[in-house]
Every structure is written in structure tokens, then in C-alpha cells.
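Me: Please show me the sequence and the structure, and then take me through the details by question and answer.

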Amino acid sequence: MTQPIFLIGSRGCGKTTVGQKLAEACHFDFVDTDIFLQQRAQQSIADIVAKEGWPAFRALETQTLQTVTAPQTVIATGGGIILAPFNRDYLRKSGRVIYLKASVAVLAGRLEAFPEESQRPTLTGKPISEEVREVLSQRDALYRETAHFTVDAACEPNEVVAQILAAIAAAKTSTIPVNSATAG
Ligand SMILES: Nc1ncnc2c1ncn2[C@@H]1O[C@H](COP(=O)(O)OP(=O)(O)O)[C@@H](O)[C@H]1O
Ligand SMILES: O=C(O)C1=C[C@@H](OP(=O)(O)O)[C@@H](O)[C@H](O)C1
Ligand SMILES: [Mg+2]
């Protein structure tokens, strides 16, 4: 299996953390669209959004997604990558897409502990747990329609990696189409 593996899901679900471990486990390269984009732009996401607005960030994100997509690579995306229909289609066509799903309580707990505000400027102006609830209710269906597999992102990172590897391995040996083989 050399297809890229894309990790999608809400802020704080662990895409960056799990992505690094998954890449090590598969002997794949690792790229994070947010880290790549900020290095290229030589500024933080908070600065890009403050100066140019969210649409400018979203355009850079779509460009970055295409630039970093490569075989044998695990790609951690930003939580809003699935907002653009182009990105949703591109992700599904270009590799295996994994939704790291977690509850509002788990996500809000992690984001309150590690807000990383330079990478995660507010999306709504509301307190973290209210924002997480509102944004997840808008995006959950988009994550589900984009993903080939959904995993439980509330457990510890090595366990999330194990779930992803098991889902990919099961799909390889199954005759059932990927979409109907899992919750995703
Ligand atoms: N499975 C996990 N269990 C506990 N903490 C986690 C887990 N995954 C991520 N974290 C922590 O949550 C925070 C956000 O993780 P991160 O990987 O940056 O999420 P994302 O890239 O999806 O926004 C980090 O501080 C990270 O250490
Ligand atoms: O949910 C979002 O819209 C965003 C999530 C962030 O990435 P993480 O999901 O890695 O925190 C980052 O791309 C940007 O702040 C926008
Ligand atoms: Mg991240």
C-alpha cells in the first residue's frame, strides 16, 4: 500500500500527534498541512487570518493539500479542510481518508489544555467548548462523507494508530467495498 493516508477531524482530535506516530509505524513520510503552510508563508495562521481573512487561509490550504500529496506519506490536515467541496473530492480520490472522531468533551478538554492560539485563531469568537460544539455540528457530516474509515480518537495515540492500521488491513483483505466495510 503506497497511497497517501489523510487524517481528518476536528481541532484537537489528534491529527498531528497521531499522524507522526502512524508515519513511523508505516515507514511513510509525514506532512502536516498547517505546519507546511506556515513555514511556506513565514507567518502563523493567526497572522494570515488577521491580515487577509479566512478565505485567504482556505485558498492556501487547498494549494498546500495538492502540493504535499505524495505516495507513502501520512498527511495531517487542518480541521476545516473538508469545508471545500473540491478538497473533499480530492481527498477521497487521492488516498485513504481517516476520520479521527471524538466527543465535544474530549476535544474541548484538549484544546483548553493546549490552545495553540497562533495556529488556532477563534472560528466563532465563542468560548472553546461552545465553539467546538457548534463547529462539530456543522462539520461532522462532512467528515463522515469524506472518510473511508472512522476511528475512535478518544483513546491514547498508539491505540488510534492501531485502529487505523487494522482498518486499512481489513479493507485490503475484504471483498466488501471500502465504504460499506466500516463506520466511515
Ligand atoms: N489520542 C490522544 N490522547 C490524548 N491527548 C491527545 C491525543 N491526541 C492528541 N492529543 C493532545 O491534544 C492536543 C491536540 O492534538 P493535535 O495532534 O494538535 O490535534 P489536531 O492536529 O487534530 O488539532 C495536543 O496537545 C496533543 O498532545
Ligand atoms: O478547524 C479549523 O477550521 C482549523 C483547524 C486548524 O488545524 P487543526 O485541526 O490541526 O487544529 C487550522 O487548520 C486552522 O486554525 C483552521
Ligand atoms: Mg493539527
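Me: Which residues does the UniProt annotation "binding site" cover?
Reply: The model discussed here is predicted, so local features need pLDDT of at least 70 and side-chain atom pairs count only at pLDDT 80 or more, while totals for chains, interfaces and linings use all residues. Residues are numbered from 1 along each chain as its sequence is written, and chains are lettered from A and ligands numbered from 1 in the order in which they are written. UniProt positions are given in the numbering used here, with feature names shortened, and such annotations may be inferred rather than shown by experiment. According to the unreviewed UniProt entry, the "binding site" annotation covers G12, C13, G14, K15, T16, T17 and R120.

Me: Is K15 buried or exposed?
Reply: K15 has its place in helix α1, where helices (H or I, at least four residues) and strands (E, at least two) are DSSP runs numbered from the N terminus. A residue is buried if 20 or more other C-beta atoms, placed from the backbone, lie within 10 Å of its own, exposed if 12 or fewer, and partly exposed in between. Because 29 other C-beta atoms lie within 10 Å of K15, this residue is buried.

Me: Which residues is K15 in contact with, leaving aside its neighbours within four places in sequence?
Reply: Two residues are in contact if their C-beta atoms, placed from the backbone, lie within 7 Å. With neighbours within four places in sequence left aside, the contacts of K15 are L7, G9, A76, T77 and L100.

Me: Which element gives the most residues to the shell around ligand 1?
Reply: A residue is near a molecule if its C-beta atom, placed from the backbone, lies within 6 Å of it, and 15 residues surround ligand 1, the closest being G14, K15, T16, T17 and F114. Two or more residues come from each of α1 and α8. The element that gives the most, with three residues, is α1.

Me: How many charged residues does the shell around ligand 2 have?
Reply: The residues around ligand 2 are R11, K15, T16, D34, I45, G78, G79, G80, Q119, R120 and L123. Ala, Val, Leu, Ile, Met, Phe, Trp, Tyr, Cys and Pro count as nonpolar, Asp, Glu, Lys and Arg as charged, and the others, Gly among them, as polar. By class, this shell has two nonpolar and five polar residues, and its charged residues number four.

Me: Which residues touch the most other members of the largest nonpolar core?
Reply: A nonpolar core is a set of buried Ala, Val, Leu, Ile, Met, Phe, Trp, Tyr and Cys residues joined through C-beta atoms within 7 Å. In soluble globular proteins, nonpolar side chains tend to be buried together. Of the 35 residues in the largest such core, those that touch the most other members are F6, I8, I98, L100 and V151.

Me: Which residues of β1 are buried on each side?
Reply: In a regular strand the side chains alternate between the two faces of the sheet. Both faces of β1 are covered, and the buried residues are I5 and L7 on one side and, on the other, F6 and I8.

Me: How many bridges join β1 to β4?
Reply: Two strands pair if DSSP finds at least two bridges between them. β1 and β3 pair in the parallel sense over three bridges, with V74 in β3 as the bridge partner of I5. In β4, Y99 is the bridge partner of I8, and β1 and β4 run parallel, the number of bridges that join them being four.

Me: Is H27 buried or exposed?
Reply: H27 is found in the loop between α1 and β2 (29-32), and this residue has a positive phi of about 60 degrees although it is not a glycine. Because H27 has 7 C-beta neighbours inside 10 Å, this residue counts as exposed.

Me: Where does Q42 lie?
Reply: Phi of Q42 is near 55 degrees, a positive value in a residue other than glycine. Q42 is exposed because 7 other C-beta atoms lie within 10 Å. Q42 lies in the loop between α2 (33-41) and α3 (45-52).
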